Amino acid sequence: EMLRICSENMWWSMLALLSSSCCALQMILNAFSFGCAGFNSYLGPIRPTIMSAMIIAQSASWFVALTQPLVNVRTTAVSTALSLVMTFLPELLDLHTKRLSAVRRPASSNAASNLDIGRTSSHANEHNTSKAHFRLDTMGCASCVSTVSAIIRKYPVASQNVSLEDGVAEVFFNTGRMSDGDGPDKSLSNVCKELRSLSKTICDEIEAAGFPVSGLTLDGTDIMR
């Protein structure tokens with residue numbers, strides 16, 4: 001009787017939420033700029049165990065659906081589909097984030113036009129590339145990485161690398177072309193000012209989203225404050 005009630009009400013799907021390290025809940029928190037709640041810190045280590053329990057629960061649910069006529073097979077199918085999506089939500093979100101980060105887009109601001117800091121290949125010449133390094137100690141899951149990556153994508157950067165394992169975000173700017181006509185020294189000065197301003201703007205928005213930036217460098221120089 002208990003198996004039938006659980007199958008009818010899709011209670012097994014709650015195991016899927018836990019097996020995703022509550023990724024869906026973290027996405028909701030990120031949408032309201034609450035930052036990382038640390039679900040993955042507690043649920044991540046036991047995720048394989050929870051996933052195994054989810055598979056056993058879904059198998060039991062299908063056994064009930066196929067052996068007891070009062071149980072709706074369609075409901076069980078919906079429960080299984082929902083469980084699979086929820087369980088692998090971190091991996092799906094990671095793939096989505098990487099796909100978006102690989103998309104090349106034209107520059108979308110005056111700063112990008114003046115400095116040619118467009119969205120170009122990550123293999124830009126190192127002499128024409130500047131790197132901003134953001135230290136993000138509170139990122140805890142794929143949802144956090146997705147949120148930070150989405151913020152960075154709003155700005156005219158050449159490429160980005162947000163690492164959950166290292167707790168950092170690296171942003172690369174292409175400074176190969178300089179359009180100012182006041183001489184190379186003046187052009188270089190303007191580029192540096194623009195990059196510092198842009199890096200701090202990105203930093204402010206990341207912090208406003210609930211992810212404190214504990215360190216910010218531009219080409220190895222501390223520009224945090």
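Start inside: leaving aside its neighbours within four places in sequence, which residues is I202 in contact with? By contact I mean heavy atoms within 4.5 Å. The partners are F134, I152, Y155, V157 and F173.

Ground rules next. This is a predicted model, where local features need pLDDT of at least 70 and side-chain atom pairs count only at pLDDT 80 or more, while totals for chains, interfaces and linings use all residues. Residues are numbered from 1 along each chain as its sequence is written, and side-chain values use heavy atoms, with hydrogens and water left out.

Now the core around I202. A nonpolar core is a set of buried Ala, Val, Leu, Ile, Met, Phe, Trp, Tyr and Cys residues joined through side-chain atoms within 4.5 Å. Buried means under 20% relative accessible area, exposed means over 50%, and partly exposed is in between, with a 1.4 Å probe and protein chains only. The largest such core has 29 residues. Those with the most contacts inside it are F134, V148, I152, F173, I202 and I206. Strand 1, helix 9, strand 3, helix 10 (184-208) and strand 4 (215-218) each give two or more residues to this core. Helices (H or I, at least four residues) and strands (E, at least two) are DSSP runs, numbered from the N terminus. Helix 10 supplies the largest share, six residues. There is also a second, separate core of 12 residues, including M54, L89, L93 and A142.

Two strands pair if DSSP finds at least two bridges between them.

Seven bridges join strand 1 (residues 129-135) to the antiparallel strand 3 (residues 168-174). In strand 3, F134 has A169 as its bridge partner, and A132 stands opposite V171. With strand 4, strand 1 pairs over four bridges, also antiparallel. There, R135 partners G215.

Next, the largest pocket. How many residues line it? The lining has 24 residues, with D94, A142, V145, L164 and E165 nearest the centre. Helix 7 (89-102), helix 9 and strand 2 each give two or more. Helix 7 gives the most, seven residues. A pocket here is an open set of points on a 1 Å grid over the protein atoms alone, where a 1.4 Å probe fits, with protein on both sides within 12 Å along at least five of seven lines; lining residues have an atom within 4 Å of a point.

Most residues other than glycine have a negative phi. S21, in the loop between helix 2 (13-19) and helix 3 (23-31), has a positive phi near 60°. S21 counts as buried because its relative accessibility is 4%. S33 also has a positive phi, about 60°, and lies in the loop between helix 3 and helix 4 (39-43). At 37% relative accessible area, S33 is partly exposed.
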